[in-house]
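Hi,

Here is the structure I promised to pass on.

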Amino acid sequence: MERVVYIDGRFYPKDEAKVSVFDHGFLYGDGVFEGIRAYGGCVFRLREHLVRLYDSAKAILLEVPVDIEAMADIVLESCRQNGLRDGYIRLVVSRGKGDLGLDPRKCPRATIVCIADTIALYPEELYTQGMRVMTAATRRSGVENLNPRIKSLNYLNNILAKVEANGSGCAEVLMLNDQGLVVECTADNIFIVKGRRLITPPAWVGVLEGITRGAVMGVAVEAGLDVREEVFTRVDVWTADECFLTGTGAEAIPVVECDGRRIGTGRPGPVVADLIRRFRALCGREGVEI
Ligand code: PMP
């Protein structure tokens, strides 16, 4: 089926789906976005994604030209138009067309784009064997600069770290904040397991509060784990029993080595395997019907 892309009220064939070169999303990375998943004909945590999108827009003083209910319809209709039951939805609200100055007031109307497609972030064997990561020299933007809680179109901080990952042969890299505390990876949140404790960094260190992160914390409570949002350092990752990453694109993926240190046994562990099973089951039973 030929993909169609929603732009400002109309669907266009993939090859004709274009936005202006004067759009400040293109010129300056001025805008916000969401990556959303559909499983078995239902959109997972749609409301949470939309609330985060509107919060990000509010934080950059971007007025979204439609309300949250209309935006939900745009997402669902994009899935229908593309016959998508399982896949990945990229919803973008950019500042819109302006002039060559960066003043957002010159952009009278935001642009809305919705792409419904499929995604495979990492090779399947990383899910079964586990992934190696290293720590990036590039630090995650500080909360007082470009707060990572704003899911903006400006991903250069993450891309600089991703370039380091590519150079080292790792699929992902760990990013620290300016104090050396573990924050997250370039496109994923991080969790470590110590005994029956499941630990992930709190929002204030500069993490994007992932929707998958929240869902995994929920299933972990059901599994009887002691779930905590606490700061930790690289040493805690190196000495953890188990480690894994979460994200809408990645879902949940075990990490078995960090900076050349084997984590736990060096194989995906039982706690992570159980959480991944529970998370997949949740994705299969929850969601807004397309
Ligand atoms: N951190 C960053 C920097 C991200 O870009 C993402 C989204 N890919 C995540 C974490 C995970 O968030 P979510 O589970 O909502 O996709």
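Ala-223 is buried, at a relative accessible area of 16%, because the cut-off for buried is under 20%. Bear in mind that this is a predicted model. You'll find Ala-223 in the loop that links helix H6 (211-222) to strand E12 (226-229). Arg-278 sits 55 residues from Ala-223 along the chain, yet their C-alpha atoms are separated by 8.4 Å.

Next, a helix pair. H2 (residues 46-59) and H3 (residues 68-81) pack with their axes 10 Å apart, at an angle of about 120 degrees, so the two helices are oblique to each other. The crossing of H2 past H3 is right-handed. On the H2 side, the contact is made by Leu-46, Arg-47, Leu-50, Val-51, Leu-53 and Tyr-54; H3 brings Ile-68, Glu-69, Met-71, Ala-72, Val-75 and Leu-76. That contact counts 10 nonpolar and 2 charged residues, with no polar ones.

Now the cores. The largest nonpolar core has 28 residues, and Val-43, Leu-46, Met-71, Ile-89, Leu-91, Val-93 and Ile-112 have the most contacts inside it. Two or more residues each come from strand E3 (31-39), H2, H3, strand E5 (87-94) and strand E6 (111-117). H3 gives the largest share, 7 residues. Apart from this core lies another, of 23 residues, including Met-131, Leu-174, Ala-250 and Ile-263.

Cheers

Methods:
Residues numbered from 1 in each chain as written. Predicted model: local features only at pLDDT ≥ 70, side-chain atom pairs only at ≥ 80, totals over all residues. Heavy atoms only, no water. Axes fitted to C-alpha atoms, helices over the stretch in contact; angles between N-to-C directions. Helix = DSSP H or I, 4+ residues; strand = E, 2+ residues; numbered from the N terminus. Parallel < 35°, antiparallel > 145°, perpendicular 65-115°, else oblique. Left-handed = near helix turned anticlockwise from the far one by under 90°. Contact = heavy atoms within 4.5 Å. Nonpolar A, V, L, I, M, F, W, Y, C, P; charged D, E, K, R; others polar. Buried < 20%, exposed > 50% of the residue type's maximum accessible area, 1.4 Å probe, protein only. Core = buried A, V, L, I, M, F, W, Y, C linked by side-chain atoms within 4.5 Å.
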